Amino acid sequence: MPPKDGKSAKNKGGNISKAERERLQREADEQRRREEEEARVIAEREENERLERERIEQEKQEQLELKDRERREDELNELRHILDENHSAVTAWESEHRDKAKWERYMRCDGSPDPSVQPEINSFISLWREDSETQIQRVLENCALALQLTNELDFLLSEGPDPSVPQQYRETLLCLQSLIHCKLNQATEELLKSASSHSDIETGNMQTSVQDENITLCLWANLNKNPRFKGFRFEEVGLGFELPKPLAVIDIAVRILHTRHDHLSHHSEQEQLQRRRSMMEAVLTPPIESIATVQDEKMEGEGDEGESSKPVEEDSRSVRSDSRKRSAVSVISAKEGRKSSSVKPLEEGECQMEEITTTLEADQNGSDSSPAEPVIDSSEVHIVDLQQFTPLGGVFYFDVFHLPPQSHIVKGWEMRELLETGLQVFPYPTEQSCAQSSTSVRLDEHSSTVASLPVGVTVALPDSILFLEDPHVARWDPIGEQFTPHICSIRLRVVYTASTLKPPCYFHILVFYCMPVYCAPVSAGQHWRADFISEASYDAETRSISFEMNAFYAFTLLQESYINMPFQSWELRPLGQDSALFTITGALIEVSITVKGKQCMLHMEETKNLDHLLGKWMSPSDLQKAMQRAGINIFVNEYSDKYVSINSKDPLIEHTVYEQMALMSSAVAFSWSRWNTQCGQEHLVLQACEQLEAGPVAEEAWSLYLLGAQRNQHLKMKEHNDSFSPELAEGSEFHSTFLHMLRQDMSTEGQARVRQSHYLYTDTVQRLLCATRVLTYS
């Protein structure tokens, strides 16, 4: 019996019986079912709660949208009323200001003519043209007066005069510019006539420089004819030149005339603008005229013949549609190519020729043929695109003249040979120009040698210009080559149609006239060009640039117009009632503009030699012109997007936002947001907050706003969030205007500031925002 009891004890202690296992399994299954049921209940409760939240959110969203729709018309009307009132007030002020300026000009009584009065300016031009005064100081004084008149004419043209007078102003402007240069040539000739009496004892040559605030004239006369002469530098004005050895033994005079004004670039600008228009017209013009349209006009009422022409009509429409599609694709592709790739200097002409040539060849070859390789005129590759580059510092006229006959003392008498030819340019042609022109004057025995040797120039950069990179150099081509327009395609025009269906003859006759389509040629002259310039080197310590040219040309210094774009960030911060600080951090420099009423003031750090610009109150238009002349460009135009990578936005929405920002800028600060690039073309994102005290805005005070054409909303997210969310901020509502969206959370003092904002101040802020377009170019 004991073994039996021992076995039972072992079973109890070591193994679980089958019944016990079943019981434990039932308990585990029951526990699992209870847990599953609890999880199901919890999930069901959470789903119900989620659905309830979504229902509540949906109801809240619908209520907000309904509320927004109910007040939408009132908000839009209120904004429109405010903007109309401001616009009317600004227009009235500008009209009164113009009238006041005219009266002050009339009452000046300083002897200077009014350029807007044609008899006065004509009399001035006639009297000055007939004036025989050639003394250099007097000529410079007259030139200063003429430049003042040209500036007045430029201002009158920019103000948008009556349609009948712009052409008259432009003709007067060109006449004054030509006369200024003519008088400077006469003064140069007079100085050279007495070169021998003003020769330098040390060098035996005559070298002199004369300057005022507008013009610097440097003259060197080769009296000594030293074959070892290499060059001369006018230290006091920072200009110098080097001559090839054959020129050092010839009776010549070298002039470097630096004019702070630029009377050349506008000729090229007009040529290039005309070229752009011609290209767009050529691209948008259908390559084949609608034959069916002409047939309908010629054969109106002929039913059978009209039916027989349907295949021709369908074909012509198909061809025209395909060609338009290809034209659009060609333009878009070329534009995207310029944006994606780095813009190569001075190759805009090549890109434009590629666009028009590809389009026209595609139209000519048919829809199935691939575009042929573009034919690019090599003479236009080096033309400077004045939308991509800006001439800075004026123009340097580098000329060589025949030395006029010098006076001789004979028995106490001073004798000089008088010539009626005036100042004669010494012919210094290149081999290319010699081959092109059979009438050009050849040099004597040195002609073949001189034509192959370059001349050197050294120029100290003007102190009034800020170059953000090493400057480029371009020469002026006043004449250029003559190009014959070439045929790009053949257009068929229906000039006669007839048909007969009477037996036994069945004819349908279409008579075509072959009409050649000519590409609009652009003269190689009247342009800045980058060819025939070599060995350019820039010395940053002395701020001077040296280079060589194959002949004597007028030249200028260039800088990329949009080198400081796209902007890295921007901020518009109030400084008080009708005062704000507009700061733009560009790609290379930071620029700040203080706005106070109708005036603006520029501020920059670590900038030298810009005393004429920094800290000076100016009107917005004057400040923009002065900044661009000084090489500080933060302003855009209709062509800027071709050279800058932009964040494309709807222009209408963008302009509307600028208007409302200007209205609120006395009490609200605005800033750049990185989320603006990720919200699409139809929406804008920026930061804003109320700021009533001058000083920096605290980082946590900024709020994000999503703006669109129909709805504006205050976002719950912050600038530093990891992802974008359009979720509405707590307690916020939808509004149809940005103005009302901001006003709902503003203090009483802030709203009072906004209401009291002067119309001239808001107009100035709006002009700056529209001129820089920070929401697109940052």
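Is Arg 573 buried or exposed in this model? Arg 573 is buried, with a relative accessible area of 13%, where buried means under 20% relative accessible area, exposed over 50% and partly exposed in between, for a 1.4 Å probe and protein chains only.

1. Basis of the note. The model is a predicted one, in which local features need pLDDT of at least 70 and side-chain atom pairs count only at pLDDT 80 or more, while totals for chains, interfaces and linings use all residues. Residues are numbered from 1 along each chain as its sequence is written, and side-chain values use heavy atoms, with hydrogens and water left out.

2. Salt bridges. Taking a salt bridge as a side-chain nitrogen of Lys or Arg within 4 Å of a carboxyl oxygen of Asp or Glu, the count comes to 31 salt bridges. Arg 573 forms one of them with Glu 571, the closest N and O atoms being 3.1 Å apart, and Glu 571 counts as partly exposed at 23% relative accessibility.

3. Pairs within helix α2. Helices are DSSP runs of H or I with at least four residues, strands are E runs with at least two, and both are numbered from the N terminus. Glu 27 and Arg 23 lie in helix α2, 4 residues apart, about one turn of the helix, and they form a salt bridge with the closest N and O atoms 2.6 Å apart. Glu 27 is partly exposed at 42% relative accessibility, and Arg 23 is partly exposed at 32%. Glu 44 and Arg 40 are also 4 residues apart in helix α2, and their side chains meet in a salt bridge at 3.0 Å, N to O.

4. Helix crossing. With axes fitted as lines to C-alpha atoms, for helices over the stretch in contact, and angles running from 0 to 180 degrees between N-to-C directions, the axes of α2 (residues 18-107) and α17 (residues 759-772) come within 9 Å and cross at roughly 95°. That makes α2 roughly perpendicular to α17, a label for angles of 65 to 115 degrees, whereas those under 35 count as roughly parallel, those over 145 as roughly antiparallel and the rest as oblique. The contact (heavy atoms within 4.5 Å) is made by residues including Trp 93 and Glu 94 of α2 and Tyr 759 and Arg 767 of α17.

5. Strand β23. Of the 5 residues of strand β23 (residues 703-707), 5 are buried, so the strand is largely enclosed by the rest of the structure. Both faces are covered, with Ser 703, Tyr 705 and Leu 707 buried on one side and Leu 704 and Leu 706 buried on the other. Strands pair if DSSP finds at least two bridges between them; β22 (residues 684-690) is joined to β23 by 5 bridges in an antiparallel arrangement, and Gln 687 has Leu 704 as its bridge partner. On β24 (residues 712-714), which runs antiparallel to β23 with 3 bridges, Gln 713 stands opposite Leu 706.

6. Open sheet. The order β1-β2-β5-β6-β16-β10-β13 describes an open sheet of 7 strands with antiparallel pairing. β1 (206-211) and β13 (527-529) stand at the edges, each with a single partner strand, so one side of each is left without a neighbour in the sheet. The twist averages 25° from one strand to the next. Within this sheet, β5 (residues 252-259) and β6 (residues 389-402) pair over 8 bridges, with Asp 399 as the bridge partner of Arg 255.
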